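Okay, thanks everyone for coming. Have a look at the sequence and the structure on the screen while I talk.

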Amino acid sequence: MRSPRRLDFGFSIVLVGAALAACSSSELRQPGFGAAGDPGTTPATTGAAGDIGVPFPTPNQMADAGVIAMPVGSEGGTEGGGSTCVNGVAVAPPRPPGGGPQPTIPMTPTKAVTAVPPISGGTLLVTADGKTAVAADPDRDQVYLVDVASKSVRVTVLQPGDEPGRLVEDGAGRIHVALRRGGAVVTIDPKTATVTSRQAVCPAPRGLAYQVVGDLVHVACTGGELVSLPAAGGTAMRTLTLDRDLRDVVLGSNGTLLVSTFRKAEMLVVGTDGKVSSRQQPRAGMALSIIGQPQNKTPSVAWRMVPYSGASGAGVVMLHQTGVTDTIDPARGGYAGVKGCGGIVQPAVSVLTPGGATPPLAGGLGSLSLAVDVAVSPDGTKIAVAAPGNAETTGQPSLVEGSMAQMTESSAMTPPCVPPLSNVTSSPPGQVVAVMYSQSGVLFAQTREPAALWSSDTATTISLASDSRADTGHLIFHANAGGGLACASCHPEGGEDGRVWNFVCAGARRTQSIRGGISATAPFHWDGKEPDFSHLMDDVFSSRMAGPMLNTDQKTAIQSWVDTIPALPAAAGLDSAAVVRGSTLFNDPKVGCATCHAGSLLTNNATVDVGTGQAFQVPSLRGVSWRAPFMHNGCAATLADRFGNASCSGGDKHGLTSTLTAAQVSDLTTYLQSL
């Protein structure tokens, strides 16, 4: 057995995933910094945030030089930038921005022949007998069944665009796979590697769990459906409608089901009566900062939730993110923290138990970037985390295994740069996107580019596919830019994190979704200050996120890939008559919605004041119902609230809706849910 060692994460800073859609009233800044000198060069070293080969100063050196970054505003905040608001513009003082190891990005971009989806994690299973590892491949719409002993690989080919995700094994050894875009669950016979059934379940299935009692497969869906299917096949035994944005489902005690929500990072406890009896979230609170005042953090984006039985009973381990509620600085490096940890978004692990106490404020993951999957060892003593965001940065781990105590320790007591212990001496090549333990305690990890399976007992990999799905735009989007976060940190799966950030000067700004294509909606950010995608990448990725300068081809690569991210499907089960009535109201010139929300993307790309006191970009309404809370500052918790609170919506300057009846507002919101 390997002896644990501390990982040397080096100096880096944490980028913010308010990233592509973060909103700021600051002027565009000339990045002109980073280990890359001229646009288009890739980092030559893993140190400089300034000149090549000049290491970023330690906190003590910064203090000696008199350049300690103080919190923005009196309430505390992040370490980067230190801007002040002057005549409505965020002005940064002259100071070196935080910085650290940057990703190696190909000078000549590659584009996948078939568009590859954003990373979702959680696509690996090891069967109960330990003989077979099963990996879903959303890039190729395939499922691999790997004989652990012989290392032979069999392939189950699915339909194009199915995007296989979570997997679960039932009592008879059948493998069930959620098809994220296929709207179904397929059942695979592991003996023959063939699909034996395909059951339509909901437009966007996500999590799976198997229940021995009743021989049921439970399916959690983004639309809020929780569907219980007979494992042997047949129509659904029960369909519940819970909160939207469901993610994972886990068996609780006494017949309960524990269901997570993705962006809110909540655990819902669903009783045998089908009702939600309680809710629980990871703790919010104050965490230590490297320098300056502590950060105030709240949880969001539950990438993965898996079962865990501890001293308090049956519960879960949740891999989620934490984000700061302090003032955010849009200056160079302002989204980042010193040494790549302490920035405004970080991964975290929390243990939640129904009826139990709220866990400590999560921390202890050092500078792991974009962690998307978690696994708990059979004896409950170890946790493994997949962090594909670190894959492109030399010296940064994309797979970490540590003790339960350390991986869940409180960030209120531990400085953010303390790296986790790890039994993994070197990460597998490629992006680690999923992790799983066998019943005997062997750790398996699934990677993409190359598509392979790694195991801890041999520390070797088994190739799963030889045809490449490399895409430079996909790589940039998921890579730690240099500040410890990726674009995908605040745009998980190409969407948005549900957070409202507080920016210097600009104030509250809701993260915007980038699903469904954004090139045709320029200019970008709520205030329209980013005229095109090139400026957006310079200002956000290279400057605020402390990333390398990108050349024109690299910018084109990520823009092209982002435009392939599909919109989420329309909500299911809508009243078709109400949709028609709502469409009529929406397009009625007297109401005026379609005056601005026109065209295929339902936006005219104008920047206008709709009664909110400042001019903002007209957002696309495609997929709008998935993006609560609404408005530029998140003031409307629901679509109905947008029409019921003039101080939030802008009143009749934002469409003449004050004269609409409650029934008409209901029809209008139903129509919006159909978009």
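Let me start with a question: is T322 buried or exposed? T322 counts as buried, because its relative accessibility is 3%. Buried here means under 20% relative accessible area, exposed means over 50%, and partly exposed is in between, with a 1.4 Å probe and protein chains only. T322 sits in strand β22, residues 313-324. If you skip residues up to four places away in sequence, T322 touches K297, T298, P299, I344, V345, Q346 and A348. A contact, by the way, is heavy atoms within 4.5 Å.

Quick housekeeping. This is a predicted model, so local features need pLDDT of at least 70 and side-chain atom pairs count only at pLDDT 80 or more, while totals for chains, interfaces and linings use all residues. Residues are numbered from 1 along each chain as its sequence is written, and side-chain values use heavy atoms, with hydrogens and water left out.

Now the overall picture. The chain has eleven helices and 36 strands. Those are DSSP runs, numbered from the N terminus: H or I of at least four residues for helices, E of at least two for strands. There are 675 residues in the chain, and 59% of them are buried. Take the contacts between residues at least 6 apart in sequence: 61% of those join residues at least 24 apart. The chain exposes about 23,700 Å², with carbon and sulfur atoms supplying 54% of that; accessible areas come from the Shrake-Rupley method with a 1.4 Å probe, and for residues only the protein chains shown count as cover.

On to the inside. Which residues touch the most other members of the largest nonpolar core? They are V317, I383, V385 and F541, out of 57 residues in that core. Helix α5, residues 533-544, gives the most to this core, with five residues. Apart from this core there is another one, of 20 residues, with V579, V624, L639 and L668 among them. By nonpolar core I mean a set of buried Ala, Val, Leu, Ile, Met, Phe, Trp, Tyr and Cys residues joined through side-chain atoms within 4.5 Å.

Let's zoom in on V385. Leaving aside neighbours within four places in sequence, V385 has contacts that include L319, V349, L368, V400, M407 and V435. D373 and S398 are also in contact with V385.

Back to α5. Ten of its twelve residues are buried, so read this helix as mostly covered. Among the buried ones are F533, D538, F541 and R544. The buried residues of α5 pack against α3 (472-478), α4 (487-490), β33 (500-503) and α6 (552-562). A546 has a positive phi of about 60 degrees although it is not a glycine, and at 0% relative accessibility it counts as buried.

K151 also has a positive phi, about 65 degrees, without being a glycine. K151 lies in the loop between β6 (142-147) and β7 (153-157), and is partly exposed, with a relative accessible area of 37%.

A couple of prolines next. The peptide bond from E449 to P450 is cis, with omega near 10 degrees, and P450 lies in the loop between β30 and β31 (452-455). A cis peptide bond also joins A522 and P523, with omega about 5 degrees. P523 is in the loop between β34 (507-510) and α5.

How many cavities of 30 Å³ or more does the structure hold? Five. About 150 Å³ of space lies in the largest cavity. Its lining has 18 residues, and P138, D139, V433, Q446 and R448 lie nearest the centre. β30 (443-448) and β5 (132-137) each supply at least two residues of that lining, and β30 gives the most, with three. The lining residues of this cavity divide into nine nonpolar, five polar and four charged.

Then there is the second largest pocket, with a volume of about 890 Å³. It is lined by 34 residues, and L125, V306, P307, M436 and Q439 are the closest to its centre. Strand β21 (295-310) is one of the elements that give two or more residues to this lining, and the largest share, six residues, comes from β21.

For the terms: on a 1 Å grid over the protein atoms alone, a cavity is a set of points where a 1.4 Å probe fits but cannot get out, and a pocket is an open set with protein on both sides within 12 Å along at least five of seven lines; lining residues have an atom within 4 Å of a point. Grid points are joined across faces, edges and corners, and a volume is the space filled by probe spheres set on the points. Ala, Val, Leu, Ile, Met, Phe, Trp, Tyr, Cys and Pro count as nonpolar, Asp, Glu, Lys and Arg as charged, and the others, Gly among them, as polar.

That's it from me.
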